[in-house]
Structures are given as C-alpha cells and as structure tokens.
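Hi there,

Here is the structure I promised to pass on to you. Please have a look at it first, and then read my notes below.

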Amino acid sequence: EIYTFPYTTLFRSLGAADVATGIIAPGLPGHRDANLYDHNVDKAKALLKEAGAENLTLTLAILNKAERMAAAQVIQANLAEVGITVTIDPHDSGTFWSLGAEKKGDTWKSLQLILDRFSMEPDPSWATLWFTPEQIGVWNWERFNSKEFGDLNKAAVLELDNDKRATMYKKMQDLMEQSGDYVFLTHEGTGVLYSNKIVPALRPDGEPLFELFKRA
C-alpha cells in the first residue's frame, strides 16, 4: 500500500488498494494526479547516509486492529529495504487516541512513527483542517508546522472559485509531502445508505441536517 508508481499497476493486478496521491480523495477539488516522490530505495539510502542516520531503529504506533497490523508489517518490510528497523507498537483504542494529544500527557514527546486514518465530509476543507499549526498537539500529532499551509487553509475555505480552491489544496498537499512528515497510503471506500422516500437536507460542506429531513 505504501509504494507509489510504478508499483500501482502491480498492486491493482493483485487486487490491492490504489495508492493515494494525497489526503483529498478523487472527485473533490484539490485531488492530485500524482505524488511528488516515487519509491526509490537507492535514493533513500543515500539520504540516510548523508544525514548520518544509517542503521536507524524506529517505533511505529498503531491501533490494535488486524488491518492496521497488516499495513504496519508492510511498512516494516518496506523500511527494512533501506536499512531502517521498525518495531510495531500496537495500542487499544483508549490508549491510541491519546498518544499525540498534549492534554492527555507526555506520550506525544516520544512518538516516532504513526499509522493513522481519518474520515471526512465531501469537501476538501474537511481533509486539511486537522493539519494546521493550530491543531498541533490536538489532531496534528506529526507537529507539522507550516504557516503557508495554515494561511492557504484559511483562504481556501473562503474561496468560491472551485479551480482556485483546487490549486490551493493541491499546494497544501505538496507542502505536506515535501515536509517529509507524511506518506499517503490509500482512500478507503465508505458505504452510504439512502432512501428515495426521504428528501435530505445538507450543509454546503455535506454535513447532514437531520432535523430538516422530510418525507418525499
């Protein structure tokens, strides 16, 4: 799941998930066509050597679920290719969701790698708002601190032109990838139930207003 092109075609043939090109899903303004960086073992080894970080050992914190463990084992194998040893550290739900929160204690100070996911509404602002400087120590566990990202996030929410919004959100994902804080994995499918006997009421960002639903 964590490889980018040219492995995407191979993964599809094996029935595996498509690789994400960012945090904004296909079909939404701001979805990127490709990642900035490809899978390059030799380049990764060279960068680690240049940084004096050869024979690195890291801990990967995950939620203790079967699919997370499987993904973590893939990450472990991939990083082993470049000489990084990864220890998988599974947590139950109550513990995991407090790891990066400053109000929950000091565990955030020792976090090294995190495997995480989030759900969102059908508007790109719901994907980006968690990674602003204001969210550091709340949901921005990576402590990604980019003023440019934060300024773009505020401007994109107010922008009415979808093409201009898309450009802003693509730039924001570029900043995330360039920071080295993130590797995008895949977009999960989400099931939605509906009935043609109900007329829904939604906010512009897709949030349902259940109290305004009515019979068709």
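What follows is a short tour of the fold, the sheet, a helix pair and the aromatic rings.

A word on the basis: this is a predicted model, in which local features need pLDDT of at least 70 and side-chain atom pairs count only at pLDDT 80 or more, while totals for chains, interfaces and linings use all residues. Residues are numbered from 1 along each chain as its sequence is written, and side-chain values use heavy atoms, with hydrogens and water left out.

The chain has 7 helices and 5 strands; these are DSSP runs, helices being H or I of at least four residues and strands E of at least two, numbered from the N terminus. Their order from the N terminus is α-α-β-α-β-α-β-α-α-α-β-β. The C-alpha trace spans about 65 × 40 × 40 Å along its principal axes.

Now to the sheet. Three strands make an open sheet in the order β2-β1-β3, with parallel pairing (two strands pair if DSSP finds at least two bridges between them). At its edges are β2 (85–91) and β3 (113–114), each pairing on one side only. Between β1 (residues 57–63) and β3 there are 2 bridges, and Leu60 has Leu113 in β3 as its bridge partner.

Next, the helix pair. The axes of α6 (residues 147–158) and α7 (residues 162–179) come within 10 Å and cross at roughly 160° (axes are lines fitted to C-alpha atoms, for helices over the stretch in contact, with angles from 0 to 180 degrees between N-to-C directions). That makes α6 roughly antiparallel to α7, a term for angles over 145 degrees.

Finally, the rings. The structure holds 10 aromatic pairs, counted for Phe, Tyr and Trp (its six-membered ring) when the centres lie within 6.5 Å. One of them is Phe118 with Phe131, edge-to-face at 5.9 Å centre to centre and 65° between the planes (edge-to-face applies over 60 degrees). Phe118 lies in the loop between β3 and α5 (125–128), and Phe131 in the loop between α5 and α6, 13 residues apart.

Best wishes

How values were computed
Angles under 35 degrees count as roughly parallel, over 145 as roughly antiparallel, 65 to 115 as roughly perpendicular and the rest as oblique. Rings of Phe, Tyr and Trp (its six-membered ring) pair if their centres lie within 6.5 Å; planes under 30 degrees apart count as stacked, over 60 as edge-to-face and the rest as tilted.
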